[in-house]
Amino acid sequence: MKEHQISSIGDLIVQKRRALKMSQDELAFNCKKTRKAISNIETGKSLPSLPVFEKIAQALGMDGSELYKEIEDLGLIDDLFRDEKDE
(Lines give C-alpha, C1' and ligand atoms only; values in the text may rest on other atoms or scores of the structure.)
Protein backbone atom coordinates (compact mmCIF):
# COMPACT_ATOMS: atom_id res chain seq x y z
CA MET A 1 0.00 0.00 0.00
CA LYS A 2 1.39 3.37 -1.01
CA GLU A 3 1.84 5.82 1.83
CA HIS A 4 -0.04 9.12 1.55
CA GLN A 5 2.20 11.96 0.38
CA ILE A 6 2.84 14.32 3.28
CA SER A 7 3.37 17.89 2.18
CA SER A 8 1.93 19.75 5.14
CA ILE A 9 1.37 19.51 8.87
CA GLY A 10 -2.32 18.96 8.17
CA ASP A 11 -1.50 16.00 5.91
CA LEU A 12 0.55 14.44 8.72
CA ILE A 13 -2.31 14.87 11.20
CA VAL A 14 -4.79 13.38 8.72
CA GLN A 15 -2.54 10.39 8.07
CA LYS A 16 -2.06 9.70 11.78
CA ARG A 17 -5.75 10.16 12.53
CA ARG A 18 -6.79 7.81 9.74
CA ALA A 19 -4.21 5.21 10.82
CA LEU A 20 -6.04 5.16 14.16
CA LYS A 21 -9.40 4.92 12.32
CA MET A 22 -10.41 8.12 14.11
CA SER A 23 -12.91 10.57 12.66
CA GLN A 24 -12.46 14.34 12.69
CA ASP A 25 -15.33 14.45 15.16
CA GLU A 26 -13.50 12.11 17.54
CA LEU A 27 -10.27 14.07 17.26
CA ALA A 28 -12.15 17.32 17.83
CA PHE A 29 -13.93 15.89 20.87
CA ASN A 30 -10.65 14.64 22.37
CA CYS A 31 -9.05 18.06 21.80
CA LYS A 32 -12.11 19.99 23.04
CA LYS A 33 -12.30 21.80 19.69
CA THR A 34 -14.93 21.90 16.97
CA ARG A 35 -14.78 19.60 13.96
CA LYS A 36 -14.47 22.74 11.82
CA ALA A 37 -11.38 23.84 13.79
CA ILE A 38 -9.77 20.43 13.20
CA SER A 39 -10.78 20.55 9.53
CA ASN A 40 -9.14 23.97 9.19
CA ILE A 41 -5.92 22.61 10.70
CA GLU A 42 -5.94 19.52 8.51
CA THR A 43 -6.54 21.53 5.34
CA GLY A 44 -3.91 24.13 6.23
CA LYS A 45 -6.36 27.00 6.64
CA SER A 46 -5.09 27.51 10.17
CA LEU A 47 -2.30 26.33 12.42
CA PRO A 48 -2.85 24.95 15.91
CA SER A 49 -1.77 26.95 18.92
CA LEU A 50 0.78 25.22 21.13
CA PRO A 51 -1.88 23.98 23.61
CA VAL A 52 -4.01 22.61 20.75
CA PHE A 53 -0.92 21.07 19.13
CA GLU A 54 -0.25 19.23 22.41
CA LYS A 55 -3.89 18.07 22.61
CA ILE A 56 -3.79 16.81 19.02
CA ALA A 57 -0.58 14.90 19.71
CA GLN A 58 -2.07 13.33 22.85
CA ALA A 59 -5.28 12.41 21.03
CA LEU A 60 -3.11 10.70 18.41
CA GLY A 61 -1.33 8.73 21.14
CA MET A 62 1.85 10.77 20.98
CA ASP A 63 3.77 13.25 23.05
CA GLY A 64 3.92 16.76 21.59
CA SER A 65 7.68 16.43 21.17
CA GLU A 66 7.23 13.24 19.10
CA LEU A 67 4.83 14.97 16.72
CA TYR A 68 7.14 18.00 16.56
CA LYS A 69 10.07 15.71 15.69
CA GLU A 70 8.12 14.11 12.84
CA ILE A 71 7.22 17.55 11.51
CA GLU A 72 10.87 18.54 11.73
CA ASP A 73 12.03 15.32 10.02
CA LEU A 74 9.63 15.98 7.13
CA GLY A 75 11.07 19.48 6.65
CA LEU A 76 7.78 21.14 7.58
CA ILE A 77 8.98 23.02 10.63
CA ASP A 78 8.86 26.37 8.83
CA ASP A 79 5.13 25.79 8.23
CA LEU A 80 4.56 25.51 11.96
CA PHE A 81 6.11 28.90 12.59
CA ARG A 82 5.02 30.75 9.47
CA ASP A 83 3.77 34.27 9.94
CA GLU A 84 0.11 34.26 9.01
CA LYS A 85 0.48 37.90 7.83
CA ASP A 86 2.60 36.54 4.95
CA GLU A 87 -0.30 34.52 3.56
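Visitor: What makes Lys69 and Asp73 a salt bridge?

Guide: The closest N and O atoms of Lys69 and Asp73 are 2.8 Å apart. A salt bridge is a side-chain nitrogen of Lys or Arg within 4 Å of a carboxyl oxygen of Asp or Glu, so the pair qualifies. This is a predicted model: local features need pLDDT of at least 70, side-chain atom pairs count only at pLDDT 80 or more, and totals for chains, interfaces and linings use all residues. Side-chain values use heavy atoms, leaving out hydrogens and water, and residues are numbered from 1 along each chain as its sequence is written.

Visitor: Why is Asp73 called exposed?

Guide: Its relative accessibility is 54%. Exposed means over 50%, buried under 20%, partly exposed in between (1.4 Å probe, protein chains only), so Asp73 counts as exposed. Lys69, at 43%, is therefore partly exposed.

Visitor: How do you know that Glu70 and Lys16 form a salt bridge?

Guide: Their closest N and O atoms are 3.2 Å apart. Glu70 lies in helix H5 (residues 64-73) and Lys16 in helix H1 (residues 9-19), so the pair ties together parts 54 residues apart in sequence. Glu70 has 27% relative accessibility, so it counts as partly exposed.

Visitor: What makes Arg17 and Glu42 a salt bridge?

Guide: The N to O distance is 2.7 Å. Arg17 is in helix H1 and Glu42 in helix H3 (residues 35-42), 25 residues apart. Both Arg17 and Glu42 are buried.

Visitor: How many salt bridges does the rule give?

Guide: Three.

Methods
Helix = DSSP H or I, 4+ residues; strand = E, 2+ residues; numbered from the N terminus.
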